[in-house]
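Hi,

Here is the structure I said I would pass on to you.

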Amino acid sequence: MTMRVYDGYYKMYRHMQVQGPLDAYPIMFASRKETPYKDGDESADAVSIVAKHANGKIALVHQYRPVIDKWVYEFPAGKVDPGEDVYGAAQRELFEETGLILLMDKQELRATFRVFPSVGIIDECHCIISGPCNGKLSTNNLTDHEKGQVTPLLFSKPELLALGE
């Protein structure tokens with residue numbers, strides 16, 4: 001049985017008893033939904049976009065993350081808005097964060113896979129979308145809270161590999 005502990009703007013926090021292999025134990029986790037994901041469900045809470053530019057480079061953003069107090073390189077990503085599917089969210093987020101345009105429509109974009117990046121503490125699901133893009137990098141479409149904290153970039157494969165050094 002799951003008990004709601006707190007309702008917040010983005011998440012509700014729940015407490016539940018889990019039956020493990022040896023005994024039952026309590027867990028607390030964050031959730032955005034009333035019911036868990038089921039096999040075959042194509043929805044997601046967020047999208048990450050692996051976009052290859054017409055010049056052969058991959059789109060990334062350099063973004064400040066206050067939770068870890070660091071600037072990190074990430075694929076453009078964001079939450080799926082109510083009433084939006086993952087493909088529309090991918091097109092919108094890539095444009096907002098980089099100014100680039102995904103060149104394929106919903107039928108052509110590829111939902112590579114869905115991941116649960118922090119499944120031990122939250123049931124948030126990310127859909128990884130990949131496709132070609134074009135356009136010029138821009139920060140003109142960033143939301144107010146992203147301005148000054150997100151820089152769009154294009155990297156070649158050797159440049160991407162060098163980031164890990």
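E74 sits in strand 6, which covers residues 70–74. Strands here are DSSP runs of E with at least two residues, helices are runs of H or I with at least four, and both are numbered from the N terminus. Before you go on, note that this is a predicted model, where local features need pLDDT of at least 70, side-chain atom pairs count only at pLDDT 80 or more, and totals for chains, interfaces and linings use all residues. Residues are numbered from 1 along each chain as its sequence is written, and side-chain values use heavy atoms, with hydrogens and water left out.

Back to E74: its side chain is joined to that of R65 by a polar contact of 2.9 Å. A polar contact is a pair of N or O atoms within 3.5 Å; within protein, one must be able to donate a hydrogen and the other to accept it, and residues adjacent in sequence count only if both atoms are side-chain atoms. If you skip the neighbours within four places in sequence, E74 is in contact (heavy atoms within 4.5 Å) with L60, V61, Q63 and R65.

Now for E124, which lies in the loop between strand 9 and strand 10. Is E124 buried or exposed? E124 counts as buried because its relative accessible area is 14%, and buried means under 20%, exposed over 50% and partly exposed in between (1.4 Å probe, protein chains only). The E124 side chain also makes a polar contact of 2.9 Å with the side chain of H126.

Next, the inside. The largest nonpolar core has 18 residues, and V47, I49 and V86 are among those with the most contacts inside it. A nonpolar core is a set of buried Ala, Val, Leu, Ile, Met, Phe, Trp, Tyr and Cys residues joined through side-chain atoms within 4.5 Å. Strand 4 (46–53), helix 1 (86–98) and strand 10 (126–134) each give two or more residues to this core, and helix 1 has the largest share, with five. Leaving out residues up to four places away in sequence, V47 touches several residues, including P76, V86, A90 and I129.

Finally, the whole chain: you'll find two helices and 11 strands, running β-β-β-β-β-β-β-α-β-β-β-β-α from the N terminus. Of its 165 residues, 35% are buried. Among contacts with a separation of 6 or more, 53% are between residues 24 or more positions apart.

Cheers
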